[in-house]
Amino acid sequence: MSQRVLHLVIVLGLLPGAALAADGRYMVKFADAAQGKAAVFAAGGKIALELGPQRVAAVYLPASAVAALEKSPHVEYVEDDPRRFPSAQSVPYGIDMVQAPLAWPLATGVNRTVCVIDSGFYVGHQDLQSAGVSGYPAGWDKDGCGHGSHVSGTIAALNNADGVVGVLPNGVNLHMVKVFGDDCSWTYSSGLVDALNRCRSAGANVVSMSLGGSFKSITEQRAFNDAYAAGVLSVAAAGNGGNTTFSYPASYSSVISVAAVDSAKQHASFSQRNSQVELAAPGVAVLSTVPWLESNSLTVDGASYQANYVDGAARTAGVLGALVDGGLCDSVGSFAGAVVLCQRGTISFLDKVKNVQAGGGAAAVIYNNAPGNFFGTLGTGNTSAIPAISLSQEDGQFLVSQKLGLSGTVVSLLSKPASGYEAWDGTSMATPHVSGVAALVWSYNSAWTNEQIRKALQATAEDLGDAGKDNSFGYGLVQAKAALDYLINSSGGSGGFSLNAVGYKSKGQAKVDLSWSGAASASVDVYRNGSLVATTANDGAHTDSLGRVTGTFTYKLCEAGTATCSNESTVTF
């Protein structure tokens with residue numbers, strides 16, 4: 001018997017469980033229960049759960065105590081107490097809001113290619129497809145930034161037992177062109193044009209761009225005009241400035257500009273508002289895939305409170321200290337070795353953490369001053385020597401009233417790469433909803449054109465805000481099933497009389513290229529801002545030269561001498 005026990009000690013000592021646990025929680029197998037528990041307490045540990053039949057206890061231990069406890073004659077082994085999660089998939093609110101599930105019985109997306117221009121695609125994620133995915137350049141299948149993986153999850157997260165589901169969960173061809181590095185920094189307009197060229201070479205039907213900038217480029221504008229004329233539908237973020245300025249490429253007439261709404265269909269405060277906004281989609285607290293796994297918690301008295309990382313703070317596999325109330329932490333206190341609870345408010349997160357650190361605190365736990373939790377930051381370029389996490393108002397107030405003086409363990413770890421999920425805000429998050437819906441609807445009939453898809457999305461969007469098209473929501477909230485029904489059952493399905501206007505400047509002269517389809521007459525009348533300006537042959541193309549002008553110009557074509565007219569299309573200089 002003793003030889004068998006010795007064998008177990010040797011073998012189990014090699015198990016990976018002996019590594020430091022992510023949240024400081026371990027399972028300890030006792031050779032002698034009473035002596036083993038005493039060894040745990042002597043090591044500064046706290047027993048969370050006893051498993052009598054197994055002679056095992058789940059305990060919280062400081063990282064420095066693990067190796068010593070493993071050597072105790074009263075302990076057979078120490079292993080990580082790994083987490084177990086329900087095998088369940090949630091549907092982010094935006095997927096239902098854009099009617100994607102209603103279209104799934106009719107359209108799958110398998111015959112469409114969506115090209116995502118972003119920071120990469122973590123091909124190892126459990127909820128992202130590995131088949132039907134390609135990219136450029138080398139390293140496109142890695143994503144240290146996370147932005148591209150989050151966008152891709154909204155488009156195509158798999159319909160499985162894990163995580164979330166995307167607009168196109170049943171198969172779509174994805175091509176990733178990586179233009180942002182692991183630092184999530186910027187790229188040049190020329191880099192974006194090169195990416196667009198590579199999307200076209202890869203056979204993209206839809207190009208999704210959760211990016212933008214304040215200045216337009218003639219080269220870039222013409223590249224998107226050419227792509228649109230070649231049948232590509234480009235979709236881009238309207239911008240997060242919360243103002244009325246234009247963002248590019250979204251504000252080119254050949255690109256769909258996407259604004260953001262929240263779960264109540266209210267305009268997001270950060271979403272830019274201008275005449276080029278064409279459609280709206282969910283862009284607040286959008287849950288999707290990221291290539292890392294955050295583990296942030298505070299454990300007190302056997303209960304674990306889920307937390308968020310305060311960006312810039314130190315990480316830890318587990319730091320212990322007595323729980324103390326620091327109030328607003330607006331001054332340096334006597335916090336030696338303590339886990340300090342700080343209420344949000346009055347001063348910055350950085351100053352709160354610095355005060356706790358200066359007072360000798362082991363960790364700062366900032367709880368909200370409004371219901372729910374929040375995501376905090378120490379500010380660009382700022383760091384701390386101690387970990388800092390955030391809690392909900394409810395958890396923070398409970399701990400202050402009930403648990404002061406007890407030992408608390410703060411864990412703040414980042415595992416990377418890993419299969420994680422996070423809720424993000426931005427028109428970047430709204431854009432892939434529209435890109436995905438466009439590809440989903442289009443997949444029902446690949447013979448439909450990009451113009452028909454665009455017209456259907458405009459015509460069937462759920463009107464929000466002011467009646468009709470407005471600067472906040474454009475035509476409204478994109479609706480997949482309504483657009484599909486429109487194309488199947490109405491004139492939109494057979495083409496209709498469709499117009500697209502693309503504006504640009506050449507040597508300072510404003511010009512507008514008009515392209516159309518569906519007119520039956522020999523010639524068409526061209527209307528600008530309601531006035532007839534030309535009658536031209538029905539050959540599908542016409543250029544209107546405006547000279548050196550600024551302003552907004554709305555075009556409409558009619559079959560010559562009749563009231564049979566196209567949609568309106570607007571350009572701004």
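Where is the place of aspartate 539? Aspartate 539 sits in the loop between strand 25 (531-537) and strand 26 (541-547).

## About the model

This is a predicted model, in which local features need pLDDT of at least 70, side-chain atom pairs count only at pLDDT 80 or more, and totals for chains, interfaces and linings use all residues. Residues are numbered from 1 along each chain as its sequence is written, and side-chain values use heavy atoms, with hydrogens and water left out.

## Aspartate 539

Aspartate 539 is exposed, with a relative accessible area of 55%; exposed means over 50%, buried under 20% and partly exposed in between, with a 1.4 Å probe and protein chains only. A polar atom of the aspartate 539 side chain lies 3.2 Å from the backbone nitrogen of alanine 541. From C-alpha to C-alpha, aspartate 539 and serine 517 are 8.7 Å apart in space, and they are 22 residues apart in sequence.

## Disulfides

Let us turn to the cysteines. The structure holds four disulfides (pairs of cysteine sulfur atoms within 2.5 Å). With bonded cysteines counted along the chain, their pattern is 1-4, 2-3, 5-6, 7-8.

Helices (H or I, at least four residues) and strands (E, at least two) are DSSP runs, numbered from the N terminus. Both cysteine 115 and cysteine 199 are buried.

Another disulfide joins cysteine 558 to cysteine 565, with S to S at 1.9 Å. The torsion about the S-S bond of cysteine 558 and cysteine 565 is about 100°, so this disulfide is right-handed. Cysteine 558 counts as buried at 3% relative accessibility, whereas cysteine 565 is partly exposed at 27%.

## The cavity

The structure holds one cavity of 30 Å³ or more. On a 1 Å grid over the protein atoms alone, a cavity is a set of points where a 1.4 Å probe fits but cannot get out, and lining residues have an atom within 4 Å of a point. The volume of the largest cavity is about 70 Å³, taken as the space filled by probe spheres set on the points, with grid points joined across faces, edges and corners.

Among the residues lining the largest cavity are Lys46, Tyr60, Asp301 and Leu320. Strand 20 gives the largest share of this lining, three residues.

Technical notes. On a 1 Å grid over the protein atoms alone, a cavity is a set of points where a 1.4 Å probe fits but cannot get out, and a pocket is an open set with protein on both sides within 12 Å along at least five of seven lines; lining residues have an atom within 4 Å of a point. A polar contact is a pair of N or O atoms within 3.5 Å; within protein, one must be able to donate a hydrogen and the other to accept it, and residues adjacent in sequence count only if both atoms are side-chain atoms.
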